[in-house]
Amino acid sequence: MNRLYSSVLSLVTIVFVTLVIICPSSSRAREIVHLRGYSEGTIIVKTSRRRLYYVVGVDTAIRYPVGVGKAGMAWSGTAYIQGKYIRPAWSPPEMIKHENPKIPNVIPGGSSANPMGDAAMILSGGGEYAIHGTNNPKSIGGFVSHGCIRMYNADIMDLYERVNLGTKVVVLP
């Protein structure tokens, strides 16, 4: 009996440690911070810091780690949330098709090959950019995208529930 208990305990410990390492907790990923100069309900992306802030009150924001545009693909400016989608299908833009001609024209939502993750919020300005989840959590914190803002899936779901269509997004260098 002790041997069985010991084996089960070892297995539970291994599973727990694996989950902690492989699947970062969203509670560790996001935090409440002071941020001045922005209206409540605004999303701020500080590209150089690879952080997204959602302003929740006077001088208070939720800070999330993000992946941002690679060198030469990052952008700055103001946009608005134009569309919100859970587990969206993804059609790669021409630039990505040119880089990888074998990529399918459409990758279904929920597919492990779909880089949009659990949710996406399309930004105004032609639909070229989005704030979205990821199928590659190791990319968070890096300069990794073609201009989109990547978030952990748990974080995009949290932000998705907080924002509405028309939410202002300010992307800073």
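User: In this predicted model, which residues is Ile43 in contact with, leaving aside its neighbours within four places in sequence?

Analyst: Ile43 touches Leu52, Tyr53, Tyr54, Ile81, Ile131, Leu159, Val163, Thr167, Lys168, Val169 and Val170, with neighbours within four places in sequence left aside.

User: What is the largest nonpolar core, and which residues have the most contacts inside it?

Analyst: The largest nonpolar core holds 24 residues. Those with the most contacts inside it are Ile43, Leu52, Met121, Leu123, Ile131, Met151 and Leu159. Several elements give two or more residues to this core, among them strand 2 (43-46), strand 3 (51-57) and helix 4 (153-162).

User: How do I read an aromatic pair?

Analyst: Look at the distance of the ring centres and the angle of the planes. A search of the whole structure finds one aromatic pair here. The rings of Trp75 and Tyr129 have centres 5.1 Å apart and planes at 15°, so the pair is stacked.

User: Which parts does the pair tie together?

Analyst: Trp75 is in the loop between strand 5 (68-69) and strand 6, and Tyr129 is in the loop between strand 7 and strand 8 (130-132), so the pair ties together parts 54 residues apart in sequence.

User: Is Trp75 buried or exposed?

Analyst: Trp75 counts as buried, because its relative accessibility is 18% and the cut-off is under 20%.

User: Where does the charged end of Lys46 sit?

Analyst: The charged end of Lys46 sits over the ring of Tyr53, 5.3 Å from its centre. Lys84 lies over the face of Tyr160, at 4.4 Å from the ring centre.

Key. Residues numbered from 1 in each chain as written. Predicted model: local features only at pLDDT ≥ 70, side-chain atom pairs only at ≥ 80, totals over all residues. Heavy atoms only, no water. Core = buried A, V, L, I, M, F, W, Y, C linked by side-chain atoms within 4.5 Å. Buried < 20%, exposed > 50% of the residue type's maximum accessible area, 1.4 Å probe, protein only. Helix = DSSP H or I, 4+ residues; strand = E, 2+ residues; numbered from the N terminus. Contact = heavy atoms within 4.5 Å. Phe/Tyr/Trp six-rings, centres within 6.5 Å; stacked < 30°, edge-to-face > 60°. Lys NZ or Arg CZ within 6 Å of the ring centre and 35° of its normal.
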